[in-house]
Amino acid sequence: MRRLLALRREGMLTTGQVRSAADVLGVRERAVWRWLAAAERDEAAARAPGERAAYSGRFTVTDEVRALLGLWKGNVAAVHRELAARAARGEGDPPPSIPTLHRAIRRDLTPGERAGLAGGERAARKHDVFLARPRSWRNHVWETDHVQAPVLVDVDGRARRPWITWFTDCATNAITGVAVTPVHPSRESVLAALRSAVLREDPYGPFGGLPEKVRVDRGKDFLSRTVTAAFDLLDVTVEDLPACTPHLKGTVEGLNRAVEGMFLTALPGYARQPRPGKRASRPKDEVLLGFEDFTARLLAWTSWWNTEHRPAPLRGQTPLEAWQEDPTPLRDVAAADLWTFTLEDAGTRTLTTRGIRFRKRDYVGPWMTGQSGIQVRVRFMPHHDHRIEAYHAATGRYLGPADLADQATEEQVSAVRRARAARARRLKKDLQASQRERYAAVNQPEALQRLGTLTTAQAQAELAQTAGTDLAQLALPDLIPPAAPPANWRTPPSLAARTTPGRPAPAPSEPAPDGPPARAADTAEDGDA
């Protein structure tokens, strides 16, 4: 605009130049001529072509308007009604028109501020600019996360959405380790994924080795005592990121989004698939993948990502090619040592003739013959209560595994689980029925009217049923009255009448009298005599 203004002042501006400028700016030719005329009158108009000139009486967005925008989630019409209502009560000036209020909000608030007032911080973050971390070397920084797959999988006859836990290398975008859990993940999922990420043997390699740093969010699984102890033993720094900051670990968050769009959407049982009809229900004849089949397909996709996919940040290379081109030396750990480091320490136990006592159960192994009486250190994989690992308490030498003695069969375990599930369903149904309350519908302001009356017989029967289970009602606090207080205490008459007459109890600062204390029955007989 300044260039056009200079040409106009020199008398060298042509209509073709104005028409070309209008085409570039996406406006009409007449608008460009109007902007030039305004710029000749006021030099400041050349800095913001098309913007109305500021004047003393122009409406601007105040703190009150900002607060109302947040209250009404960005609804400008609702803010205008609120301002008009306050002005009618004499609490402020009359608001401008709705178009003027719209223009002021667009002019004085940034797109991020408008989105934040309407949708919160997450909506405002979409308008922010984020810096990209510079590319470093392999195994410099890893990122890890849990993600729930939007795919229904057959798990013991029930449709469940499995969870995926993986580690990714930030320098090469390679998926170094992955673990799949049918239900909610735990620290065991993190340790299993960590083992597959560090080992470079088949079938895990060639990616792996120990990283220098691992970025995690504030998930309790990643910050558990077992996981942090494993990272400390492996000399790996854990960077705990602030809460609600997914942009600080963009590599693994991008992988979470990519796996859905590039792989999970094509699987049977995809939960977010658009379906005909008003309700997005799953077809009754849909055949779901088994958990083993789902895991095999996910591992195949992971191999494709590492060896064939070419992410944009790698500039035409696959993660495998970027990994092999990097000359950074790797830190490896033996599989046996890694297995030991990723087990939870349960302290020392004494090996008896019945084996190792752990969590009120006995564990035995063939290596225990002739070893009774020694001290062993117990390590175990979280939630894998069928087996523990034993090490010599003094030397740390690995002794061997110990399996649970008298372990129930699969049929017995299944029967117990079915019984527990049935009991949980009955309890849930009973709780819902007991907490269900109904009230009468009203169309005028009036007090609540509870519905659902009981007869006297029904109320007495239900109270009699609960009387035998209420421990507070079964208690007999006055069965043995307390002893009389010391003579120098001031006791209210109401409490003195409830104490046992006889020898008073000793004061806290006095020693107890010699001889055993008199029983309540003996004291009562002496008093009667």
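Is K360 buried or exposed? At 74% relative accessibility, K360 counts as exposed, where exposed means over 50% relative accessible area, buried under 20% and partly exposed in between (1.4 Å probe, protein chains only). The model is predicted, so that local features need pLDDT of at least 70 and side-chain atom pairs count only at pLDDT 80 or more, while totals for chains, interfaces and linings use all residues. Residues are numbered from 1 along each chain as its sequence is written, and side-chain values use heavy atoms, with hydrogens and water left out.

The chain contains 19 helices and 16 strands; these are DSSP runs numbered from the N terminus, with helices (H or I) of at least four residues and strands (E) of at least two. Of the 529 residues in the chain, 31% are buried. Among contacts (heavy atoms within 4.5 Å) with a separation of 6 or more, 54% are between residues 24 or more positions apart. The chain exposes about 34500 Å², of which carbon and sulfur atoms supply 53%. Accessible areas come from the Shrake-Rupley method with a 1.4 Å probe, and for residues only the protein chains shown count as cover.

K360 is located in the loop between β10 (356-358) and β11 (361-364). Although K360 is not a glycine, its phi is positive, at about 65 degrees. A positive phi is also found at N139, a residue other than glycine, with a value near 60 degrees. N139 is placed in the loop between α8 (121-125) and β1 (141-148). With a relative accessible area of 4%, N139 is buried.

Two surface patches are described next. Patches are made of residues with over 30% relative accessible area and no salt bridge, with like charges joined within 9 Å and nonpolar side chains (Val, Leu, Ile, Met, Phe, Trp, Tyr) within 5 Å. A salt bridge is a side-chain nitrogen of Lys or Arg within 4 Å of a carboxyl oxygen of Asp or Glu. Lys and Arg count as positive and Asp and Glu as negative, whereas His and the chain ends are not counted. The place of a charge is NZ of Lys, CZ of Arg, CG of Asp or CD of Glu.

A patch of positive charge on the surface consists of R158, R417, R420, R423, R425 and R426. Helix α15 (residues 410-435) provides the largest share of this patch, five residues. R423 lies in helix α15 and is exposed, with a relative accessible area of 51%.

A nonpolar surface patch is formed by V24, L25 and V27, which together have about 280 Å² of accessible area. V24 belongs to helix α2 (residues 15-25) and is exposed, at a relative accessible area of 73%.
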